[in-house]
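Colleague: Could you walk me through this model? I would like to start with its core and then look at one helix.

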Amino acid sequence: MEVDIDGSLSYPEPQFDITQAEKHSFPKPLSTEEEQLMRVFYEHKIQEVCGAFGFPHKIQATAITYFKRFYLQWSVMEHHPKHIMLTCVYTSCKVEENHVSAEESLGFDLIVYAPYRSIEGFIDDMEDFCRAKDDTLQRLKVTGVFLLYTLFLFGFVIYIKDLQERAKLEVDKAMLTDAPLLFPPGQLALAALRKANDVHTVVDFPRYLEHVYSLQHSNHIISELIECLNAIDYLVMKLKIPTAKDMRHTDRKLKSCLDPSSQEDSKKREKKSKHKSRKTSSTAYGVPASATS
């Protein structure tokens, strides 16, 4: 307080201490990349939880889709993904027995069409396509060499099953990307089958794609379908699944974003602890507590 020449009182403007302001500033929010890694980490956890309980692929696909749709509207800094993950798994299990509309409360329908069912349909169609097109198989059947025909058919069934299992693993990867929100289940299944066929080489896939496309009676051209499959492959290729070690720093940062006041409380507790420590030390040496304040 200051006294002016005319006798009136005035109060000086408070000085802005940059150092003090920095100490009490709010924590920095998560970056877009950190949020993305956080989501992918917990989407992978959904797969691990479902796998540990032996749930069908349909349940994990539905749970991951719920999880993705939820974070289209919310941020991980508003709702921790650990809690949302468990909710999505629980809801996915329930919806398999009882379809309940959630359009009003959640902004989307609970029913999810997963790519795994589409893979099964394409595998059945692929078997018919290969049997109809394979000249060797037809010659064996026509000439009556039934033993060779049977052995050939048995081997083909094994290869097609390997293709199916590999395609499911490829879909597992795609489910951790934004692809389920951008592409329909049929295209996700075709992209997975194409990648799996690169490993097992069961069919002439470009020719099979032409066969599939001819059945659609679509106004689009096949190059547009191939472009979509390439886009799905690109999303899977750039996928990075973070480890628990990778997420430690981000998780600590997230906790401070969810509750900024917790940092202030921590500082107060630390300051109180130091004051108590000084007080105890002074008493031990016979120094009055007021002398250290």
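Colleague: Glad to have it open! Which residues of the largest nonpolar core touch the most other members?

Modeller: First, a caution: this is a predicted model, where local features need pLDDT of at least 70, side-chain atom pairs count only at pLDDT 80 or more, and totals for chains, interfaces and linings use all residues. Residues are numbered from 1 along each chain as its sequence is written, and side-chain values use heavy atoms, leaving out hydrogens and water. A nonpolar core is a set of buried (under 20% relative accessible area, 1.4 Å probe, protein chains only) Ala, Val, Leu, Ile, Met, Phe, Trp, Tyr and Cys residues joined through side-chain atoms within 4.5 Å. Of the 59 residues in the largest one, those that touch the most other members are M126 and L193.

Colleague: And which helix gives the largest share of this core?

Modeller: Helices here are DSSP runs of H or I, at least four residues, numbered from the N terminus. With eight residues, the largest share comes from helix α3 (residues 57–73).

Colleague: Why does this core lie between domain 1 and domain 2?

Modeller: The domain bounds come from an automatic or database domain assignment. The core lies between the two because residues are given to it by both domain 1 (34–97) and domain 2 (115–238).

Colleague: What span should helix α10 have?

Modeller: Helix α10 (residues 185–200) has 16 residues. The expected span is 1.5 Å times one less than that number of residues.

Note on methods. Buried < 20%, exposed > 50% of the residue type's maximum accessible area, 1.4 Å probe, protein only. Helix = DSSP H or I, 4+ residues; strand = E, 2+ residues; numbered from the N terminus.
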